[in-house]
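This report is meant for a reader who meets the structure for the first time. Please keep the sequence and the 3D view at hand while reading.

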Amino acid sequence: MKVKVLCRNPDDYLRETKRDIHKLPRNYDPSLHPFEGPREYTRALNATKLERVFAKPFLGSLDGHRDGVHCLAKHPQSLSTILSGSYDGEIRVWDLSKRECVRTITAHDGFVRGITFHPHGHHFYSCGEDKIIKQWNSKAPLLDKKEEPMNTILGKHIYHGIDHHWKKDIFATCGECLDVWDEERMEPVRSFTWGVDTVGSVRFNPIETHILAATASDRSIMLYDMRGSAPLRKVILKMSSNRVCWNPMEAFIFTAANEDYNLYTFDIRKLNLPLNIHMDHISAVLDIDYSATGKEFVSGSYDKTIRIFPVDKGHSREVYHTKRMQRVQCVRWSSDNKYLLSGSDETNIRLWKANASEKLGALKPREKEAFQYNEKLKEKFQFHPQVKRISRHRHVPKLIYSQQRELRIMRQSEKRKEANRRAHSKPGSVPFVPERSKHVVSEEK
Amino acid sequence: MKTTFQSHHYQEKEDKFEKAVKQAARLEHVQEEIGGFLEVEKGEESCKVTQHEIAQDVDITSATKFFELELRQFGPYRMNYTRNGRHLLIGGKKGHVAAMDWQTKKLMCEMNVMETVNDLKWLHTETMFAVAQKQWTYIYDNQGIELHCLKMLDNVLRMEFLPYHFLLANANAKGYLSYIDVSVGQKVAGCQTSLGRLDVMCQNPSNAIIHLGHPGGTVSLWSPNVKEPLVKMLCHKSGTRAIAVDSKGSYMATSGIDRMLKIWDLRTYKALQSYKLGAGPSNLAFSQKNMIAAGIGNTVQVYKDCCDRAMSSVYMSHQLKESVGCLQFCPFEDVLGVSHGAGFSSLLIPGCGEPNFDAMELNPYQTKKQRREVEVKMLLEKIQPEMIHLDTQKLGEIDMKTLQEKTDERNKLLFLKPEKIEFEPRYRKKGKSKTGKFEKRKKGVQEEQKRETVKELVQNKSEEELKRRKVQDSIPKTVLDRFRKKSA
């Protein structure tokens, strides 16, 4: 007779010294792990609730300007340097890690309409209401010396915006018409006009560096190629666009922030229909900036909120607001994809986290794993009604809540009326018009 | 699937799942321990091998696992092992209660509660246990200190602890089944079963359903969400004496006064095997390796491999001095604990325990700190009682009916003209009849009416669909159908 009874050596299962970690033998047999579904669901629910508990996006504000902030510029090489231009003609350079103003320049006599850095970051340009473009050195002058621009260009009309080429020593300004300047010349190298009153903003494409996008007062967005002498195309929308921004990862996609509370993402190869319409703001959208990953963008609007939208979705995933923040004039997403900056009417620049419940700083490997596990759980159970309800919940000021509801009722009633018209008239007389084509008036060459 | 991009995306996800399953299966080779076994020569029979012979042939530590506690004074005993198989709780009918670590033989507490003890169960860790006494149920610390007296649970005959839901299920002498959440201390659900005295009870470890046996030979399955039994099965021709369910939740063993032992498949509720024994076993237990232990009068018999196919012979057998009170296999050990009229015996049954445990679930070698961490994690992952169903896979499925209904309702609601109902709300005091609230109440009634009409519409539509389909199915189909003219 042969017999063996199960017997374990405790030394194999207990740690040898207090400095070791505990031993954890594993057995993945499913009969030892019952209730996988409900347990994972409970964990996902807990993860979603904790995300809402730890969602504290506001980091701090940069205080110092004496009038509203109109434009922001990111330093291309340094993550902690920011430039801001305000309504009283002042440009301030900020150090984000210390949250203080490092340098103040009295640049212009009116609004500072646009600031932009050279890609190397050694100098920057500013244009303003006093029809002057000034070039400044990024290094602060020595203590006793006054702030002097490296170069001054006197223009003929008010400039509304400025942007620098991503590779060459060329910059473009917009105002009455679109001017392309070379750094060494005092006159624009090329001037593009398309019979419009004013061009509101201009942006160079970061990947196809010879392409420019500009918004104009005739409610259109125009595309130009610097290599040619004539403009490429333009698309006319129902209302005018305030700003445009190119996707840093996709060469042919740009998003426009429009006055009709929406943002439109276009593909330049097919301009007659927007790729996506992003609807969630309840007032004109004033500025937009893409994240460095090219998957999301942030928009600041005249209703005093900032919203973060994913590129492929039509609604925002996050909304940031504060009682003290008034009309948001400019927003930027930092180049390390972690922070947002918003400059607003009440002279403050605010620093926010891009992921509201993210823990900043170096994470221990176990912490990192736990966060990654929670992210995956939330992704897996995102469509369950309870999980969806909790993760979607955002507290929003009363005005915005009631306005959103009103807009929703308005849109639903339009749909209902159209459906009734269709139901009570000859089949085919009221055609189905897709939402995307409703907002574009025409495309022109 | 909308686009090829999305279908590729989903295909990738499915591939990941398959890979994970394959990896988990491959890890079986890494596992260290091998289970026990008993091999007899050709002439011998395994059921004739005695415990003393096994204890002599086996190493010292395993031989210490075979022991007897002779306690004749305090009546037939009931016992319970903790979930990791480390601690043992025994309680005599006349009030003697003792908790010990049975492997090191260290006594944790011993006391006499001065009342009849009907049943005892460990709670989620070895720090607390519940004792169902004559009148009420008490919860004690592992030092013997009385923590709670649960007056809402009176005359409890049998208890079962559902570890992942933190629910203590109690079956009453008056036929009342109640569930208490021990983490919060509230009664979660309870219902009058109206099926008489409940003294046969068992839980299904894979889906937390309670099985109750009744004197008519029926077995009923209960969940805290429904006031009626989920399933009622007629198992025996006369009364049911014992029930046991295996750890995977696929087999149920029942025994009755008609001397039969039947094995049922819990997915189809059909009898797989039935054996006629000398007498109906009064206690049944399943081990982790699907061996069944049956307590028949003074003997304990262990059957191996009797669920899938008809067994030919008994695996092991042991004779006791008094009749069996309660049986339980010790998890992760090759040991069967039997409590009887003369105390407690621990028997060696080679091959009944799972050799490799998963330390993230249950760890027999856990330290105090590990126990505390695990307790916190278990509380955080406590499953709500609403999720107790016969089929645990339901949570992962899409609720097609509700989705369809919701979309239909949403589409209809936009385009309906509501009928005008003349509704004058009653005048209420204390500011509840302000004009705004008045109008709101009127509107609320209108909306309700609209919803009712939409629901009716949707239901009528689905009924019509069903009728149409029936009609279509009833018309016999021939090959020449496609040449017939289709009516407009």
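The text below moves from the whole chain to its sheets, its helices and a few single residues.

## Basis

This is a predicted model, in which local features need pLDDT of at least 70 and side-chain atom pairs count only at pLDDT 80 or more, while totals for chains, interfaces and linings use all residues. Residues are numbered from 1 along each chain as its sequence is written, chains are lettered from A and ligands numbered from 1 in the order in which they are written, and side-chain values use heavy atoms, with hydrogens and water left out.

## Chain A as a whole

The secondary structure of chain A consists of five helices and 30 strands. Helices (H or I, at least four residues) and strands (E, at least two) are DSSP runs, numbered from the N terminus. Along the principal axes, the C-alpha atoms of chain A fill a box of roughly 105 × 80 × 45 Å. Of its 445 residues, 48% count as buried; buried means under 20% relative accessible area, exposed over 50%, and partly exposed in between, with a 1.4 Å probe and protein chains only. Among contacts between residues at least 6 apart in sequence, 48% join residues at least 24 apart, where contact means heavy atoms within 4.5 Å.

## A sheet of four strands

In chain A, an open sheet of four strands runs in the order S3-S4-S5-S6, with antiparallel pairing. Two strands pair if DSSP finds at least two bridges between them. Strand S3 (69-74) and strand S6 (100-106) of chain A are the edge strands, each pairing on one side only. From one strand to the next, the twist averages 20°.

Strand S5 (residues 90-95) of chain A pairs with S6(A) in the antiparallel sense over six bridges. A:Ile91 has A:Ile105 in S6(A) as its bridge partner. The loop between S5 and S6 of chain A holds A:Arg99.

Strand S13 (residues 178-182) of chain A has four of its five residues buried, so it is largely enclosed by the rest of the structure. A hairpin through three residues joins S12(A) to S13(A).

| Strand pair | Bridges | One pair of partners |
|---|---|---|
| S13(A) and strand S14 (residues 190-192) of chain A | three bridges | A:Asp179 and A:Ser191 |

## Helices H1 and H3

Helix H1 (residues 36-53) of chain A packs against helix H3 (residues 385-392) of chain A at an angle of about 10°, with their axes 9 Å apart. Axes are lines fitted to C-alpha atoms, for helices over the stretch in contact, and angles run from 0 to 180 degrees between N-to-C directions. H1(A) is therefore roughly parallel to H3(A), a term that applies to angles under 35 degrees. H1(A) contributes A:Tyr41, A:Leu45, A:Thr48, A:Lys49 and A:Arg52 to the contact, and H3(A) contributes A:Gln386, A:Val387, A:Ile390 and A:Ser391. By class, this contact has four nonpolar, three polar and two charged residues. Ala, Val, Leu, Ile, Met, Phe, Trp, Tyr, Cys and Pro count as nonpolar, Asp, Glu, Lys and Arg as charged, and the others, Gly among them, as polar.

## Single residues

A:Ser126 is found in strand S8 (residues 123-128) of chain A and counts as buried at 0% relative accessibility. Its side chain makes a polar contact of 2.8 Å with the side chain of A:His108 and another, of 3.2 Å, with the side chain of A:Trp136. A polar contact is a pair of N or O atoms within 3.5 Å; within protein, one must be able to donate a hydrogen and the other to accept it, and residues adjacent in sequence count only if both atoms are side-chain atoms. Not counting residues up to four places away in sequence, A:Ser126 touches several residues, including A:Ile91, A:Ala107 and A:Ile133.

A:Asn348 lies in the loop between strand S28 (339-344) and strand S29 (349-353) of chain A. This residue counts as buried, at 12% relative accessibility. Leaving aside neighbours within four places in sequence, A:Asn348 is in contact with A:Ser61, A:Leu62, A:Asp63, A:Val69, A:Ser342 and A:Gly343.

Most residues other than glycine have a negative phi. The phi of A:Arg99, however, is near 55°, a positive value, and A:Arg99 counts as partly exposed at 36% relative accessibility. A:Lys131 has a positive phi of about 60° although it is not a glycine. A:Lys131 lies in the loop between S8 and strand S9 (132-137) of chain A and is partly exposed, with a relative accessible area of 37%.

Key
Angles under 35 degrees count as roughly parallel, over 145 as roughly antiparallel, 65 to 115 as roughly perpendicular and the rest as oblique.
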